[in-house]
Amino acid sequence: MKSTISNLTRRRLLASGLAAPFVSAMPGVLTPARANETVKLQFMYPVGVSGDINTIISNMIAEFNATHDGIEVEAIYAGSYDNTEQKVITALGVGEPPALWLPINSSLQTFLGLDALEDITEQAKADDIYDDFIGGFLDTAVSEDRLYGLSFQPSTPVLYYNKDAYAEAGIEKAPETWDELFQAAKALTVRDGDALKRWGLIIGGGWHDWMFEGYCRQNGLVPWEADKVLWDRPESVEALEFWKAMVDAGCMAPASTWQGSANDFMAGSTAMLYHSTGSLTNLRTSSPFEVGVAFMPKRKQFGASQGGGPIMIAKNQSDAKKEASWTFARWMTNTENQAAWSRATGYLAVRKSSWEQPEMVEYLKEVPQAEVAMKQSEFSGAFLQVPAYSRARDTLKSAIDRTLAGEVAPEAALKDATAEVNREIARVMRRRG
Amino acid sequence: MWLAYALLLPSLIFLAAFTYWPILRSIWFSLHDVLLGDPDIYWLGAENYLRLLEDRLFWKVLGNTAFYTMITIPLSIVVALLLAVALDSKLRGMAIYRSAFFYPVMIPSVAAGMVWVFLYAPGYGPINEALTAVGLPRLDWLYDSTWALPAIMIMAVWKYSGYFMLILLAALKLVPSDLYEAARLDGVSGWQRLLHITIPLVSPTLYFVIIIGTLHSYQIFDYVYVMTQGGPADSTNVLTFYIYQNGFQYQDIGYASALANVLLVFVLGLIGLVAMTLGRKVHYLGER
């Protein structure tokens, strides 16, 4: 209770622009650097979904800079999640990391392996982070009970569907099980002779390994542990066999790209799409038809892996910069900003209090689709947090692609991929002793 | 003597800093466990090279690279030579045609890649529309593991032919026209003129173009990066892209260095092969 009140007061003070001396006197808020010296921070961020994320982030940063004397954040758009991670790692290699960055949550072990992350457990405990952040989201930045980032843009994949196409095909509600999904995809596929006019389903390429992990979870398996992957388990093999069956039936595209699949959906080239909830606002407002959003269908249970990531703070920098970085990360994840960010994109707001904001309550009444991923997140967990996750992802994607292209059988592909990746994980862990 | 060294020095410094030192360093790194972003390195001996043997993807990547090189270079040079011969005339407006064929060379490769992604788009891409118009089946191009690499190769031929054409065109201008006149008087056909006069006389340039083409062909990183990221199903993954993935995406600098050394041997071998075979057949005008 106390934390909520101080939170509100703080926000009002911040907005007034005269708050610096008061804020620094308040508990749980770190003193910004001396007011006459501007601390410059570099913040590297990716665009991981469909939509004009760049403009939204730039506006947030401009607002932060305008309201915070003594701190100047320079936002560096670094490309995809992969690009961002590479740029940060390269900068770490020469000892000059950016002050903060926003990677995919799976990279946690990679950055910890480089001893690159500031442990922010104590600041977070002194603040309201542990009370107000939604536990499942905060967990994706936790390793051995220590916190290394503030969740900023958590997401899960959801099932988007074209309501016009549903009406045409006489489908009344979104599929809830794999079997219903298969039936719907068949019914929604349109061909003119041999030429395909519309796919029943596209699973967003480039991140299809993320969706695949969701399928494993739906089939009762979390396909990794701290030091190995478990893709060769029967639950996982069944999932890939199911994908192969849909591709063989001609109702699911065997390959796609991340941005391309979103464009295909908006252009009506596919009736259903698995994509990040972070693409919701763009898909909903840019499609010339009504867009439905549903849970990813289940087999044994509902399940999803969380995408998106936390804002991480560099360990190798001055204390003044660390404090300013904390102020910035804290501001980006405050109640109002998270609520606004969530409405603008479709990413899930990380704070409980954001979801209770009047604007948010109003928005959810208008756009009930925005609540689907939030409800689904109850069935979700972190995504592939193993060492060497990047190679692991590529190896799995290759195994899936080759299976769907008919080059190899599902079980053989997953067995090989598992053996290969576990060998690589062991190699990386050997370094750590 | 000293002057010669002094004049060589500036370029020598650059060569040493940006070519020889990195080569030595990559040989050294290839014998170690090196993690990008971490200053500590650990001695491994030959382990990184032994990993190559059991790396399924490496062999596929090597095959892709060889396939790309073997088809793209000869094809773009033949196209370039035919274009050069066709455009080596004094017809009105020839400059416009020459510019038109040279124009792809001037487009930045990333921009060109983006444009071709659109051209190849399965749903609405102009190439599929054209195929339909002449009654051929539509292809998924970049989404199809059979066609993705050929699709990039077609684009590479389009991109490079103009460059080779320009070089060959300059060589054609130096072929004495009295040779053609004599041939015409003797009733030699156009095809034979090309084979027995033009090609031998431009062979030094042709040789140069082949070497340059070989060097270009292993630098196709940009198209792969922009158009396919090595996919689908690794069908367009080539050595340069695989080195990038290992070094920068997987932080595995040791293994990436081993791969880079394989690439070095691959390219040197290829150029050696070209020099030993075609290099011997080059005919220099006025050779003693």
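Predicted model: local features only at pLDDT ≥ 70, side-chain atom pairs only at ≥ 80, totals over all residues.
1. Start with helix 1 (residues 2-29) and helix 13 (residues 253-277) of chain B. Their axes come within 8 Å and cross at roughly 120 degrees. Angles of 65 to 115 degrees count as roughly perpendicular. The two helices are therefore oblique to each other. Their crossing is left-handed.

2. Look next at the residues in that crossing. Helix 1 of chain B brings Ser26(B), Ile27(B) and Phe29(B). Helix 13 of chain B answers with Ile253(B), Gly254(B), Ser257(B), Ala260(B) and Asn261(B). By class, this contact has four nonpolar and four polar residues, with no charged ones.

3. Helix 13 of chain B also packs with helix 2 (residues 47-54) of chain B. The angle is about 75 degrees and the axes are 9 Å apart. Helix 2 and helix 13 of chain B are therefore roughly perpendicular. Asn48(B), Tyr49(B), Arg51(B) and Leu52(B) of helix 2 meet Gly254(B), Tyr255(B), Ala258(B) and Val262(B) of helix 13. Five of these residues are nonpolar, two polar and one charged.

4. Turn to chain A. Five strands form an open sheet in the order 8-9-12-7-13, with mixed pairing. Strand 8 (190-192) and strand 13 (291-294) are at the edges with a single partner strand each, so one side of each lacks a neighbour in the sheet. From one strand to the next, the twist averages 25 degrees.

5. Val190(A) stands opposite Arg198(A).

Notes:
Residues numbered from 1 in each chain as written. Chains lettered and ligands numbered in written order. Axes fitted to C-alpha atoms, helices over the stretch in contact; angles between N-to-C directions. Helix = DSSP H or I, 4+ residues; strand = E, 2+ residues; numbered from the N terminus. Parallel < 35°, antiparallel > 145°, perpendicular 65-115°, else oblique. Left-handed = near helix turned anticlockwise from the far one by under 90°. Contact = placed C-beta atoms within 7 Å. Nonpolar A, V, L, I, M, F, W, Y, C, P; charged D, E, K, R; others polar. Pairing = 2+ DSSP bridges.
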